[in-house]
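Subject: Structure handover

Hi,

Here is the structure I promised to pass on.

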Amino acid sequence: MDQIVIEGGNRLSGKIPVSGAKNAALPLMAACLLSDKPLTLTNLPQLADISTMSQLLEQHGVQIDASNGAAVFDAADVDNTVAPYDLVRRMRASVLVLGPLVARFGEAKVSLPGGCAIGTRPVDLHIQGLEHLGAEIDLDGGYVTASAPNGLTGGKFIFPFVSVGATENLMMAATLAKGETVLSNVAREPEVTDLAECLVAMGSKIDGIGSDTLAIQGVDTLNSAEHSVVGDRIEAGTYAMAAAITDGDVELAGVKAEHLDAVFRALADAGLEIGKTYDGVSVRLGKGGLKGVDVMTEPFPGFPTDLQAQIMALMSVADGAAMITETIFENRFMHVPELARMGANVNVHGASALVRGVDRLTGAEVMATDLRASSSLILAALAAMGETVVRRVYHLDRGYERIEEKLAACGAVIRREKE
Ligand code: EPZ
């Protein structure tokens with residue numbers, strides 16, 4: 001297993017290219033199952049989760065041809081509509097094949113993903129939504145079987161609360177359902193919008209993209225399309241905080257600033273100076289230094305849960321206190337004890353964590369527990385005095401492309417080695 005070793009205390013300065021967003025790429029890849037014509041994706045990041053999704057699609061019978069910076073997904077000869085436990089348990093986003101498979105082939109059998117480190121994360125909304133589109137659902141032996149031998153039919157579904165994955169699954173399924181589907185209280189995350197735009201390029205008829213209600217007119221078949229994966233706002237937000245925590249100065253290329261409005265509002269209140277560039281943003285810590293700010297995670301356009309762990313690392317060295325409240329997942333504070341090992345002063349009370357800024361963190365051996373927890377430890381390590389060893393970095397490899405290379409190019413002293 002790999003570990004990452006960081007010598008803290010070096011300012012970051014330079015330009016960081018932002019990769020395509022993992023959380024956009026995964027549903028986009030699943031969307032290839034909706035058509036017998038090829039889907040070409042560019043700006044696809046090279047990450048462990050992308051390889052897992054490729055393996056899943058290949059075992060369904062999808063041909064994948066990746067070359068010259070583009071990957072072509074050809075689902076003309078799908079011969080298996082079962083998504084096995086072994087792949088689904090490795091990556092929850094595997095459940096995104098459920099909607100496309102049942103919509104195009106009238107049947108799908110997908111393993112239930114089970115819980116994960118950040119919470120129980122059920123898929124009940126995915127299932128209820130498909131039932132509203134006429135699918136018969138059976139839960140047996142740890143699998144969900146969806147069948148609609150005569151195809152799905154349009155329907156209305158009001159999400160009781162916002163779910164990114166269920167919105168994506170149902171939106172994909174509805175593109176091939178007979179008649180109109182209206183989905184209300186949908187997720188508005190930029191990754192959902194990116195998927196909707198790709199589906200439109202494939203010939204789907206979707207109104208209300210970017211709003212909380214989507215009206216989808218089903219079509220008989222979808223066509224081939226080419227789509228570039230949107231830049232990763234979470235990766236960009238992570239590097240913006242890396243700049244701040246090292247009193248540095250970075251330019252992030254390939255991200256849309258408006259996807260980070262809530263994050264940049266919080267960071268500006270914390271003392272960062274953020275400017276727009278022609279293809280991204282520039283970020284530096286202002287002369288007044290870093291101040292504590294309160295943050296609450298919310299669905300987009302609110303502050304993303306996927307940056308909560310990272311802002312906690314940042315706040316741990318801010319002047320004053322910060323109250324960080326997590327409203328999306330019930331168990332997403334596992335980075336707290338690890339940050340504490342580096343000297344952070346954090347008290348968790350239910351869904352809120354009170355972070356009292358300390359003058360300095362110190363390097364330690366720490367263990368990554370999930371993807372974003374891992375990146376918060378990397379941020380803390382960049383600022384800490386001395387050496388930090390982050391173990392179990394396979395979590396990090398699920399979502400950050402070439403992270404050591406990108407940070408080292410800006411002056412971080414960081415290396416990967418075998419444990
Ligand atoms: C997506 O997960 C992201 N993953 C997550 O990113 C992200 O944290 C999350 O959205 C919230 O923004 C991908 O896009 C691949 P949800 P998803 O359905 O779709 C509950 C990362 O670090 N829920 O919006 O699984 C659920 O338990 C990851 O990159 C149900 O109860 O999230 C959670 O509490 C981690 N029933 C809340 O809703 C359901 O059927 C929001 O989950 C579905 C969800």
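Before the notes, one convention: helices (H or I, at least four residues) and strands (E, at least two) are DSSP runs, numbered from the N terminus. Asp-247 has a positive phi of about 55°, although it isn't a glycine. Keep in mind throughout that this is a predicted model.

**The ligand site**

I guess you'll go here first. The ligand has 22 residues around it, and the ones that come nearest are Asp-124, Ser-163, Asp-306, Ile-328 and Arg-372. Sorted by type, the shell has 11 nonpolar, 5 polar and 6 charged residues.

- Ile-328 puts a backbone N or O atom 2.6 Å from a ligand oxygen.
- Gly-165 has a polar backbone atom 2.7 Å from a ligand oxygen.
- Lys-22 comes in with its side chain, where a polar atom lies 3.1 Å from a ligand oxygen.

How much of the ligand does the protein bury? On its own the ligand exposes 830 Å², and 87% of that is buried by the protein. As for where the shell comes from, the elements that give two or more residues are α1 (22-31), α5 (124-132), α6 (164-174) and α12 (371-383). Of the contributors, α5 gives the most, with 3 residues.

Next, β11 pairs with β13 (residues 213-217) in the antiparallel sense, over 5 bridges. The β12 and β13 strands are antiparallel too, with 3 bridges between them.

Gln-217 in β13 is worth a click: it is the bridge partner of Glu-180, and it is also the bridge partner of Lys-205. The hairpin of β12 and β13 has 5 residues between the strands, and Gly-208 in that hairpin takes a positive phi near 90°.

**The sheet with β1**

Another open sheet has 4 strands in the order β22-β23-β1-β24, again with mixed pairing. Its edge strands are β22 (365-367) and β24 (413-418); each has a single partner strand, so one side of each is left without a neighbour in the sheet. From one strand to the next the twist averages 25°.

Which strand of this sheet is joined to β24 by 6 bridges? That is β1 (residues 2-7), which runs antiparallel to β24. Ile-4 stands opposite Arg-416 of β24 in this pairing.

**β15, β16 and β17**

β17 takes part in two pairings I looked at. With β15 the pairing is antiparallel and has 5 bridges, and Leu-252 has Val-281 of β17 as its bridge partner. With β16 the strands again run antiparallel, this time joined by 6 bridges. A hairpin through 2 residues connects β16 to β17, and Thr-277 stands opposite Gly-280 of β17.

Side chains of opposite charge can pair when their charged atoms come close. Here the side chains of Arg-284 and Glu-273 meet in a salt bridge, at 3.6 Å from N to O. Arg-284 belongs to β17 (residues 280-285) and Glu-273 to β16 (residues 272-277), and the two are 11 residues apart. The count of salt bridges comes to 16.

**A cis peptide**

One more backbone detail to check before you set anything up. The peptide bond from Phe-300 to Pro-301 is cis, with omega near 15°. Pro-301 is found in the loop between β18 (295-296) and α10 (308-315).

That's what I have so far.

Cheers

Technical notes. Residues numbered from 1 in each chain as written. Predicted model: local features only at pLDDT ≥ 70, side-chain atom pairs only at ≥ 80, totals over all residues. Heavy atoms only, no water. Pairing = 2+ DSSP bridges. Near = heavy atom within 4 Å. Polar contact = N/O pair within 3.5 Å; in protein donor to acceptor, adjacent residues only side chain to side chain. Areas by Shrake-Rupley, 256 points an atom, 1.4 Å probe, with all protein chains shown as cover. Nonpolar A, V, L, I, M, F, W, Y, C, P; charged D, E, K, R; others polar. Salt bridge = Lys/Arg side-chain N within 4 Å of Asp/Glu carboxyl O. Axes fitted to C-alpha atoms, helices over the stretch in contact; angles between N-to-C directions.
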